[in-house]
Amino acid sequence: MSDAQEFRRDFPLLHTKMNGQQIAYLDNGATTQKPEQVIRSLCTYYGGCNANPHRGAYALSVEATDIYENSRARVQKFINAKRPEEILFTKNATEALNLVAYSYGLTNVNAGDEIVITVAEHHSNLVPWQYVAKAKGATLKYIYLEDDANLSDEDIETKITEKTKVVAVTQVSNVLGLKNDVKKVVKKAHSVGAVCVVDGSQSVAHMKVDVQDLDADFFAFSGHKMLSPMGIGVLYGKYEILDKMPPFLMGGDMIEYVHEQDTTFAELPAKFEAGTQNVGGAAGLAAAIDYLESITFDRIEAIEKELVDYAIPQLKELPYIELYGCDSTRDNKTGIITFNVKDVHPHDVATILDSYGVAVRAGHHCAQPLMEYLGQNATCRASFYLYNTKEDVDRWIDALKKVRGVLGYGTV
Amino acid sequence: MALSDIYTEVIGEHSRDPENKRHLPHATCALRGHNPSCGDEITLELEIEDGKVKDASFTGVGCAISQASTDIMIDLIRGREVKEAKHLAQLFIGMIKGEVTDESELEELDEALALKGVAHMPARVKCAVLAWHTLDHALEDDGSQKK
């Protein structure tokens, strides 16, 4: 795969060794590696432009402000938001989703109301809604799955009712790796007057996202899962909705006038960005977006699809491998493959693969209700990105074939 | 660290077929231990009588290391004074944390020495110590009723 080989050159970490072996990094659902272009953008910012934005009258602070605000405009264009004020920088998707839960949820959800989420949500789009439901005496309802692990159409139609105030859904499940029909969920939510909160953590790095086309009211994602530094994330919200919401965190930079007993707050987006922000991270995120768009999502999707189509038939040949979310009847599989090895705990599988230089995730993937629903205590997950190759897949599958033997089980 | 240093013969046997994985008919104490990040989960059952661990067993799910470690621990503490069992738990935890390295001191851990290699694997330490921490908690007030 010449494409991936060409990109690999940009990622210094992929040329290091893990346990004495060339690393096959297959944990991109957790975080991605960073290209030179992103690493350099951090050095450029901290080495030449670092100052506190929005404050000083001196040139350096003005430059830091420009970098920060240009990054916001870059993100706006990237996800096609209407205005830059609709882009709020956060620490990560978790903070973004908490912002929505605390500020929108606690204000607009009341006793007797309903919040509807899917059983495939990551804890970050689940636990905050549990909190809001409990705090306000509302009911938390779940959309479950069809036999092929896609969201139940019937549940979408019946669970979202006139009582529903918030619907929260992930665009791609971090365990099942299936693209959800978010537009359909948004439409249903709007038909009953609810807002729809979309978790884009596993989608924005892998496919073109257009928040206006989705008509999502909120859309959250982390930078670090899309080649950016850790510690920078984004919450998109429709201007009219954000404008009416109370601030989430209070302090510097988010105020207009502060008196001893009263404060008036700044306009969007400053109202939601209290304290000194991660300007270096924002610069890194803009550099990552440049990098991804220069490659194009068509190519990224094609690379991931080729790897999935290469891996799944081979895995299905192995009688001791169980797969989850790999039998979708729709053409919506992304580069995430969740599996178990018969008789072997996922944590042992991951340790054994690690000894062959193959990095996969093992555990509940911050989706315990989904694990419970699937009847699994834990699973392993391999997740691809643009720099992965068929050779990585070969090394993963070769190592998988050795797992049962290491623990003294037969090969079938 | 070679895989064979971690997944030793002893660990393989105890994890594939843990003899102590069952319920205890006359348990005086049952305590749950859990590693939330990886999903290892055990419930340790103890029958304490006259200051002794008369019998012990466990139920639950987990990786080979956590299951084998629990099974081996139960073999080791069955019939011992509560005081001795507590000492062994602390000694084992000390070994895995790399705080106790003197071989003569560790000798009394017997079969549990097979888990010594885990001390060099930070990602797996919590799997190895789960049962022993649970035991340590269960015996905090000399194994009085806890369910």
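This is a predicted model: local features need pLDDT of at least 70, side-chain atom pairs count only at pLDDT 80 or more; totals for chains, interfaces and linings use all residues.
For the complex, the predictor gives an ipTM of 0.79 and a pTM of 0.91. For chain B, the average pLDDT is 92, and 95% of the residues score at least 70.

Let's take chain A now. What is it built from? Chain A has 14 helices and 17 strands. Its C-alpha trace spans about 75 × 55 × 35 Å along the principal axes. Then there's the radius of gyration: chain A has 22 Å, and that agrees with the value near 22 Å that a compact globule of 412 residues would have. As for the inside, 50% of the 412 residues of chain A count as buried. And if you take the contacts in chain A with a separation of 6 or more, 71% of them are between residues 24 or more positions apart.

Now have a look at a sheet in chain A. It's an open sheet of seven strands with mixed pairing, and the order is β4-β10-β9-β8-β7-β5-β6. So what's going on at the edges? That's where β4 and β6 (139–143) of chain A stand; each has a single partner strand, so one side of each is left without a neighbour in the sheet. On average, neighbouring strands here are turned by 20° against each other, ignoring direction.

β4(A) runs antiparallel to strand β10 (residues 233–237) of chain A, and four bridges join the two.

Staying with chain A, a few spots in the loops deserve a stop. Which residues does the cis peptide bond join? Leu268(A) and Pro269(A), with omega at about 0°. To find Pro269(A), go to the loop between β12 (263–265) and α10 (279–295) of chain A.

Next up, a couple of asparagines. Asn19(A) has a phi near 55°, which is a positive value in a residue other than glycine. You'll find Asn19(A) in the loop between β1 (17–18) and β2 (21–22) of chain A. Asn19(A) has 13 other C-beta atoms within 10 Å, so it's partly exposed. Asn80(A) isn't a glycine either, and it has a positive phi of about 55°. Asn80(A) sits in the loop between α3 (59–78) and β4 (87–90) of chain A.

On to chain B. In chain B there are six helices and three strands, and along the sequence the pattern goes α-α-β-β-β-α-α-α-α. How compact is chain B? Its radius of gyration is 14 Å, close to the 15 Å that the globule rule gives for 147 residues, so chain B is as compact as a globular protein of that length. The C-alpha trace of chain B spans about 45 × 30 × 25 Å along its principal axes. Buried residues make up 41% of the 147 residues. For contacts in chain B between residues at least 6 apart in sequence, 63% join residues at least 24 apart.

The strands of chain B include a hairpin. Strands β2 (residues 40–49) and β3 (residues 52–61) of chain B pair in the antiparallel sense over nine bridges. The hairpin has two residues between β2(B) and β3(B), and Asp50(B) in the turn has a positive phi of about 50°. Here's another pair to click on: Leu46(B) has Ala56(B) in β3(B) as its bridge partner.

Last bit: how many residues from each chain make the contact? It takes 14 residues from chain B and 14 residues from chain A. On the side of chain B that touches chain A, the elements giving two or more residues are α1 (3–6) and α2 (9–16) of chain B. The residues on that side of chain B split into eight nonpolar, four polar and two charged.

Definitions and conventions:
Residues are numbered from 1 along each chain as its sequence is written. Chains are lettered from A and ligands numbered from 1 in the order in which they are written. Two residues are in contact if their C-beta atoms, placed from the backbone, lie within 7 Å. Ala, Val, Leu, Ile, Met, Phe, Trp, Tyr, Cys and Pro count as nonpolar, Asp, Glu, Lys and Arg as charged, and the others, Gly among them, as polar. Two strands pair if DSSP finds at least two bridges between them. pLDDT is the predictor's confidence in each residue, from 0 to 100. The radius of gyration is taken over C-alpha atoms; the globule rule is 2.2 Å times the number of residues to the power 0.38. A residue is buried if 20 or more other C-beta atoms lie within 10 Å of its own, exposed if 12 or fewer, and partly exposed in between; C-beta atoms are placed from the backbone. Axes are lines fitted to C-alpha atoms, for helices over the stretch in contact, and angles run from 0 to 180 degrees between N-to-C directions.
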